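Open the model in your viewer and keep the selection tool ready. The tour starts at a single residue and then zooms out.

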Amino acid sequence: MEALKQTLSRQKWLPIAVATVLLALLLSVLSPVFLTLSNGQSILVQSSVTAIMAIGMAYIIMTAGIDISIGAILFFTSALFAQLMLDTGSYPLAFAAAMICATVLGGLNGVLIVVFRMSPLITTLATYSIYRGMAIHLTGAQNIPVPREMGFLGNGRILGLPVPILILILIFVVGVYLMTRTRFGVYVRAIGDNARSAQETGLPIRSTTVAVYAIGGFVTGIAALILLARVGGLQSGIGIGTEFTVIAAVILGGTKLTGGSGSVVGAVIGAVFLVLIDNGLNLMNASPYIYDVVRGSVLLAAVVVDRWSALRGVAADRAARRARLKETTA
């Protein structure tokens, strides 16, 4: 029983998982439409874009970093793909160029941070404006439709399952494997836990940091193509505010803003939880103006709980040191 308690206490995503189940039960009571199969699939499909980006963001935050520019990377990747499809009509060219650019833009954030030792927040806030400006310059702020065949990526099915959900499952499995079964995952957590100690022990801090930002850009590129397929074309509002939703999902999932602790599982559950809130508000015909208020309140509560938990940890460490000191001097 004690081993089970210790195992559960290490799963930082457990509270958000419980909250998600309780919210689902509440919504099923409030609305008979909620428990339908179509609504369940709709929630998962809507969650897919945020969840895919949250997996990349979880890696970044676990190194004690953050990427505010992912909303702009989402927009730029969508703009580049749509413009290339309009100009060339070539799917392979547009796909390859979009994915390479998304990965490079993400990785460039990491390079700027490690080479110039810049703050991740300030760096990615600056690149947010640059990337978004590049996208607007590229397309002239015009809405661009994409070919109807591309809709399969956002609305198609394989063996009865929506394609976005299958892509999310694939990225989730790879993300969990990298984090839990490879040295790369160990490096990510070690850097976030104590970068100086990680450097003194010879861990590849620079390359690992650049890699996590590049991963964030890569998965954002995939999310961009899914979103583009779902909405049917490029719209100028794509990506605005997305970064805050993604960061909220990661924090709600138990990843600490100070780094060193977190999980891919929690990030995905956090994304589903946020979409569940939107779905519930929609089913109850709530005013659209209240959505941001509710999301912000939930995020604020999560940050407060995270901070409170951190302070409790510090107090426990101090108490343990005092106890050891008394034993030594007794």
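## Stop one: a residue inside

Select Thr-220. Thr-220 counts as buried because its relative accessibility is 0%, and buried means under 20%. Keep in mind that this is a predicted model.

Now show the helix around this residue. Thr-220 sits in helix α11, which covers residues 205–231.

Next, display the neighbours. Which residues does Thr-220 touch, leaving aside those up to four places away in sequence? Select Met-53, Ile-70, Ile-73 and Leu-74. Each of these four is in contact with Thr-220.

## Stop two: the whole fold

Switch to a cartoon view. The protein has 14 helices and four strands.

Take the contacts in the protein with a separation of 6 or more: 77% of them are between residues 24 or more positions apart.

## Stop three: surface and charge

Color by burial. Of the 330 residues, 45% count as buried, and Thr-220 is buried at 0% relative accessibility.

Show the surface. The accessible area of the protein comes to about 16800 Å². Carbon and sulfur atoms hold 67% of that area.

Finish with the charges. Select the 22 positive and the 12 negative ones. Their mean positions lie 7 Å apart.

Methods. Residues are numbered from 1 along each chain as its sequence is written. This is a predicted model: local features need pLDDT of at least 70, side-chain atom pairs count only at pLDDT 80 or more; totals for chains, interfaces and linings use all residues. Side-chain values use heavy atoms; hydrogens and water are left out. Helices (H or I, at least four residues) and strands (E, at least two) are DSSP runs, numbered from the N terminus. Buried means under 20% relative accessible area, exposed over 50%, partly exposed in between (1.4 Å probe, protein chains only). Contact means heavy atoms within 4.5 Å. Accessible areas come from the Shrake-Rupley method with a 1.4 Å probe; for residues, only the protein chains shown count as cover. Lys and Arg count as positive and Asp and Glu as negative; His and the chain ends are not counted. The place of a charge is taken as NZ of Lys, CZ of Arg, CG of Asp or CD of Glu.
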